[in-house]
Amino acid sequence: MLHCFGGSVLSSLMLAEPPVAFLAKGTNILLASSVWYFVFYCPQDVFYRCFAFLPIRLLVAGMKEVTRTWKITAGVAHADSHFKDAWFVMVAVGWARGAGGGLISNFEQLVRGVWKPETNELLKMSYPVKVTLVGAILFTLQHSQYLPIARHNLMFLYTVFLVVSKVTMTLTRSATSPLAPFEAALGHIFFGLQKTPSKAKGEGAASPNGSSVCDRSSSEQHRDSVKKRQAKKTE
């Protein structure tokens, strides 16, 4: 339930509303419980195998991205009703409503007895969390009338981008974010981020067997010193 309704829980906490308000919608609770039961306890995993079929999986993935758009817009509008023209609040609540399952994943893991701090979405964001943040910013600008585009047109364009990118990533089995080139360009412009310099400059060039030039020179010096000592003893 925390993963399914994480956006509702997180956004409610941010706006000082009851975090259990999602329990009032019995239909959603029954639907989530039914899906959970059939996924884990259906005989012969028939339910899971049906949804693992590629066409059905693509359809479900596309439907999920459509609901993401509606969650973001609902979160932005709900935040504006509490804090008029508060940009940061609107972005934060829209982001939480659309990607709450990812943002609350650490707490959800802690409840299940699994603690993985390295998977913190605030420190290392996944693609859904990133694209939801971008959507929250866009819809906040549009809601404040700073983005000259109609709401339904922005929803259509954003949803098409989400569905196309998700379907493409599923078909190609790629985990690379479509936003990676833009992130690299912006990081280089604003923070001067560059590629990691070659290790050969700092540590010396490595030989085929794994030893470096510095290691070789030190070993050769040691051999020379041993030979000189032996020569002195013979003299």
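**Close-up 1. Lining of the largest cavity.** In this predicted model, the largest cavity is lined by Thr73, Val76, Ala77, Phe139, Gln142, His143 and Arg151. Its volume is about 50 Å³, and the structure holds 1 cavity of 30 Å³ or more. Two helices, H4 and H7, are the elements that give two or more residues to the lining of this cavity. Sorted by class, the residues around the largest cavity comprise 3 nonpolar, 3 polar and 1 charged. Rolling a probe the size of a water molecule over the atoms is what shows where empty space is left.

**Close-up 2. The second largest pocket.** The second largest pocket has a volume of about 300 Å³, and its lining is made up of Met125, Lys130, Leu133, Val134, Ile137, Phe161, Leu179, Phe182, Glu183 and Leu186. At least two residues of this lining come from each of helix H7 (127-143) and helix H9 (180-191), and H7 gives the most, with 4 residues. By class, the lining of the second largest pocket holds 8 nonpolar and 2 charged residues, with no polar ones.

**Close-up 3. The largest nonpolar core.** The largest nonpolar core has 21 residues, and those with the most contacts inside it are Ile72, Trp95, Val131, Phe139 and Tyr158. Helix H4 (54-82), helix H5 (87-103), H7 and helix H8 (151-172) are the elements that give two or more residues to this core, and the largest share, 6 residues, comes from H5. Phe139, named here among the core residues with the most contacts, also belongs to the lining of the largest cavity. When its neighbours within four places in sequence are left aside, Tyr158 is in contact with Thr69, Ile72, Val131, Thr132, Gly135 and Phe139.

**Close-up 4. The stacked pair of Phe5 and Phe22.** The structure holds 9 aromatic pairs, one of which is formed by Phe5 and Phe22, whose ring centres lie 5.0 Å apart with the planes at 20°, so the pair is stacked. The pair links distant parts of the chain, with Phe5 in the segment before helix H1 (6-14) and Phe22 in the loop between H1 and helix H2 (26-41), 17 residues apart. Both Phe5 and Phe22 are buried.

**Close-up 5. The tilted pair of Phe47 and Phe51.** The rings of Phe47 and Phe51 have their centres 4.8 Å apart and their planes at 45°, and the pair therefore counts as tilted. Both residues lie in helix H3 (residues 46-52), where they are 4 residues apart, about one turn of the helix. Phe47 is partly exposed, with a relative accessible area of 24%, and Phe51 likewise counts as partly exposed, at 37% relative accessibility.

**Close-up 6. A cluster of aromatic rings.** Ring pairs link Trp36, Tyr37, Phe38, Phe40, Tyr41, Phe47 and Phe51 into a cluster.

Note on methods. Residues are numbered from 1 along each chain as its sequence is written. This is a predicted model: local features need pLDDT of at least 70, side-chain atom pairs count only at pLDDT 80 or more; totals for chains, interfaces and linings use all residues. Side-chain values use heavy atoms; hydrogens and water are left out. On a 1 Å grid over the protein atoms alone, a cavity is a set of points where a 1.4 Å probe fits but cannot get out, and a pocket is an open set with protein on both sides within 12 Å along at least five of seven lines; lining residues have an atom within 4 Å of a point. Grid points are joined across faces, edges and corners, and a volume is the space filled by probe spheres set on the points. Ala, Val, Leu, Ile, Met, Phe, Trp, Tyr, Cys and Pro count as nonpolar, Asp, Glu, Lys and Arg as charged, and the others, Gly among them, as polar. Rings of Phe, Tyr and Trp (its six-membered ring) pair if their centres lie within 6.5 Å; planes under 30 degrees apart count as stacked, over 60 as edge-to-face and the rest as tilted. Buried means under 20% relative accessible area, exposed over 50%, partly exposed in between (1.4 Å probe, protein chains only). A nonpolar core is a set of buried Ala, Val, Leu, Ile, Met, Phe, Trp, Tyr and Cys residues joined through side-chain atoms within 4.5 Å. Contact means heavy atoms within 4.5 Å.
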